[in-house]
2 protein chains.
Amino acid sequence: MSEKLNQLKELYGEISDLNNAAALLGWDQQTYMPAGGGEARGQQLATLGKISHDKMTSDEFGKLLDELKQEFAGVDPLSSEDAAMVRMAARDYDKATRVPSEFVVEQAIVTTKAFEAWVEAKSKSDFSIFRPHLEKVVELVKKYISFFPPADHPYDTLLDDYEPGMKTADVKVIFDGLRSKQVELIKAIAARKQVEDKFLHKKYNEEKLWNFAADVTKQFGYDWTRGRMDKAPHPFETSFSVNDVRITNRFEADNPLATLFSAMHESGHAMYEQGVNPAWDRTPIGHAASLAVHESQSRMWENLVGRSLPFWEYFYPRLKKVFPSQLDGVSLKNFYKAINKVEPSFIRVNADEATYNLHIMLRLELEIALVEGKVAIKDLPEIWNAKMNEYLGITPPNDALGVLQDVHWSYGSIGYFSTYALGNLVSAQLWEKINKDIKGLDEEIRKGKFDSLLGWLRKHIHTQGRKYYPQELVQKITGSKITPEPYVRYLTTKYSGIYGL
Amino acid sequence: MSEKLNQLKELYGEISDLNNAAALLGWDQQTYMPAGGGEARGQQLATLGKISHDKMTSDEFGKLLDELKQEFAGVDPLSSEDAAMVRMAARDYDKATRVPSEFVVEQAIVTTKAFEAWVEAKSKSDFSIFRPHLEKVVELVKKYISFFPPADHPYDTLLDDYEPGMKTADVKVIFDGLRSKQVELIKAIAARKQVEDKFLHKKYNEEKLWNFAADVTKQFGYDWTRGRMDKAPHPFETSFSVNDVRITNRFEADNPLATLFSAMHESGHAMYEQGVNPAWDRTPIGHAASLAVHESQSRMWENLVGRSLPFWEYFYPRLKKVFPSQLDGVSLKNFYKAINKVEPSFIRVNADEATYNLHIMLRLELEIALVEGKVAIKDLPEIWNAKMNEYLGITPPNDALGVLQDVHWSYGSIGYFSTYALGNLVSAQLWEKINKDIKGLDEEIRKGKFDSLLGWLRKHIHTQGRKYYPQELVQKITGSKITPEPYVRYLTTKYSGIYGL
């Protein structure tokens, strides 16, 4: 192997170590850190981030890359792991060097204040508190875009940070093929008799539910000798190496089963990171391909597996044994319907599979308009509510349940949202392929067996790490780039059964 | 304030951030890290350690120090906080730069293997497995000494790493004043009727004991908004800032009360770190003065407070309420005697207050002889056993209960042990002064009140951080350097009462 590449890997390894250490500091902040530790932790994260950034933008790194780009010129990254490393290292270097340090500092200051303002605005349901901060955030985002070469659309630059290679035009086409069909489906469902789900909101014992959820993730194949599940204010997945990939979870008394579905979701993310080729740990291709591909894994385990009938044919008797009184008299079929209840609602994170993507499309449209300068920040609440009415037939009674619900914009994370919806689409697209490749998968799931499924995902997705751009990977596996049809088919079939459409 | 000093503080702050991040990685390793995470964690710690060391030994740091040493020449560090910072930064820089990186790498390799060999040797109680590794460790230690200017005694160089400024000759004088008196005391106790302590080894509920221990630390004044207690294989204290100081604990079914005394011990360490002047966080004087001073705090809360009669006058009724059946029929006086039982035993960490220091003296004598080349490694087990017999009147039946019991030598930590005994001495020396300054302290403790005591420690010890060398600090507070008499007086008074000497 190239001596230069070894040097690059060594340097990238140190950067990875710093980033992984920072990730542990972040995990601790969300799980065990005592309240008093916050200020020093911010300082420690800033120092680690600065050193990591300095190394990534160092002359040493740049020089090595220049030489390696020459050395690997003409080598196809799709067929050479070394070339893939060089390609991804170059991508990271380019992103890091284009943005001046002063901008990063300015952004940190603005978004810290914006976050605080958002917390207050949301708690008071008063958009005017957040508005001046969001204006500054959007100005910064535009400035950020200016550091990069002009793209087909300015929003492309943002999208590319979260979904490498993805274009605004592509997302628009994908979502255009989806929007009307999802709206139609929801209208059809609304015309039917609603399913009964009161028993899901009874009192469930937290510890028992937590343990049940943990057991499900183990049965999926989430390796607890290389992972664990801790309590945190929000469920998330984080990793510090391919052999230390953790998830968090929470318990909400009024929505107890969410603990179970969050565990499935986060373990889906975690199995992805646990499955990356271990030889690539600490290298430019030693992580996941993109947020959408990541989300395809979490949503697959949570929804296509975890909200499916075959899954519950196996697990429902077990759940009933743990919660006999709560589920007394509830048939498997009615339980299955309840956990798949469709109901337009205001809050994205609580949305069901049928309505979820519409929440995302709304956000994407607003974000593009903001970047294009076609909407004024002050008009956002009104536009938000109008779109909610158009897509979901409901109008938020206040901004806390509307435009203020998500934290993302306060962080400056504009361009992130569509990866959630794209992940849903990819999950269904993969699912069709998987069911062609694994005959009788439903039968296996009915027996609580997931090794064929996990084995398939390991081989086609997980081990591949970040070797491919997401669209390359999806194309390679399914023969097509990301497309909405499989998801529409999936939803239609599923809800036809549940709501008798 | 000097511009140069600000620059030094900024640089030292970054080094502190790296070290604090590494400390969190170490804490996680002992508490929550899944088994699989070990290898990557070692790599991450190595990277953080390397970057921290590079910064500490950088030309930038050296140049700043040179200029600051000139600027502060003639300024007394005992009366100037800035001068104290320069003095301690210079000390750290000197230590870091004298030792070549290649040596550090060699040491890491040798001690990693030595540790593995020690684990095996101890489990098989076979010194011959550890012997060749210990020989290498001792060779390395001698090499380490050679990097420093000749001292009065070569062992001084090692001692100074753990107890700044302490000399071998000083420790010898201190221990010489102690040895015969402790041996005499133990003989006198052995001639008396042994106390009864069977009830301490009944079955105690882990969770209840854990919570009781936690409550005691809170009542002491350990601030849980800036700390916490987690389960780990061994109890320890660690901190990531003055506002995030954590302890760990464990539960051993055959020695349940150890959880309680460990909590007192570790919270003693933790209150020290929580009490350091917060303005000095991330600076060269933002930690404790030395290991002995640290140990004086932990031992004071564990022993002088936590094994005292006034303490249990308050807490015994409370403990009895939690464990009524275990303590049924056990009077306060008998409980007090039981937790202070003196019995020569093989294992240092389980030793009582009267025998503990003799375990340390034995180790110190062997370490000095090793450094002087006056004993052969192969003869260590025999010499160990002979000394045990001389000091404690018992002979270890095997090496696991003898020379192989402690991990320290496998780490290369030669020079560490005496800080444990010195800490005991300092705790009693401070205690005499405290009881002069706080009239009626026993009365307060009898009421479960510890704020006068903690306030005194805060003022005289904790806030002082690492501004003083340990002997300077002890001298400043008590009017004398470390001396054994107060400890001898303390032991004699205490055990006269318990054993009717």
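1. Domain bounds here come from an automatic or database domain assignment. By that assignment, chain A is divided into domain 1 (3-154) and domain 2 (198-343 + 420-467). The centres of domain 1 of chain A and domain 2 of chain A, taken over C-alpha atoms, are separated by 29 Å.

2. This is a predicted model, in which local features need pLDDT of at least 70 and side-chain atom pairs count only at pLDDT 80 or more, while totals for chains, interfaces and linings use all residues. Residues are numbered from 1 along each chain as its sequence is written, and chains are lettered from A and ligands numbered from 1 in the order in which they are written.

3. On confidence: pLDDT is the predictor's confidence in each residue, from 0 to 100. Chain A has an average pLDDT of 96, and 100% of the residues score at least 70. For the complex, the predictor gives an ipTM of 0.94 and a pTM of 0.95.

4. Chain A holds 21 helices and 3 strands; helices (H or I, at least four residues) and strands (E, at least two) are DSSP runs, numbered from the N terminus. Its radius of gyration is 23 Å, close to the 23 Å from the globule rule for 501 residues, so chain A is as compact as a globular protein of that length. The radius is taken over C-alpha atoms, and the rule is 2.2 Å times the number of residues to the power 0.38. The C-alpha trace of chain A spans about 70 × 50 × 50 Å along its principal axes.

5. Of the 501 residues of chain A, 45% count as buried (20 or more other C-beta atoms within 10 Å of the residue's own, with C-beta atoms placed from the backbone). Contacts are pairs of residues whose C-beta atoms, placed from the backbone, lie within 7 Å. Among contacts in chain A between residues at least 6 apart in sequence, 73% join residues at least 24 apart.

6. Between the domains, 18 residues of domain 1 of chain A are in contact with 16 residues of domain 2 of chain A. On the domain 1 side, α1 and α4 (81-98) of chain A each supply at least two residues, and α1(A) gives the most, with 12 residues. That side divides into 8 nonpolar, 6 polar and 4 charged residues. Here Ala, Val, Leu, Ile, Met, Phe, Trp, Tyr, Cys and Pro count as nonpolar, Asp, Glu, Lys and Arg as charged, and the others, Gly among them, as polar.

7. Between the chains, 31 residues of chain A are in contact with 31 residues of chain B. The elements giving two or more residues to the chain A side are α1 (3-31), α2 (38-56) and β2 (237-241) of chain A. The largest share of that side, 8 residues, comes from α1(A). The chain A side divides into 13 nonpolar, 10 polar and 8 charged residues. Of the interface residues of chain A, 100% are also interface residues in chain B, so the copies meet through the same surface.

8. One residue of chain B as an example: Trp312(B) is in helix α12 (residues 309-322). Trp312(B) counts as buried, with 20 C-beta neighbours inside 10 Å. Not counting residues up to four places away in sequence, Trp312(B) touches Leu332(B), Phe335(B) and Tyr336(B). Tyr336(B) is 24 residues from Trp312(B) in sequence and 7.2 Å from it in space, C-alpha to C-alpha.

Terms used:
Buried ≥ 20, exposed ≤ 12 C-beta atoms within 10 Å, placed from the backbone. Contact = placed C-beta atoms within 7 Å.
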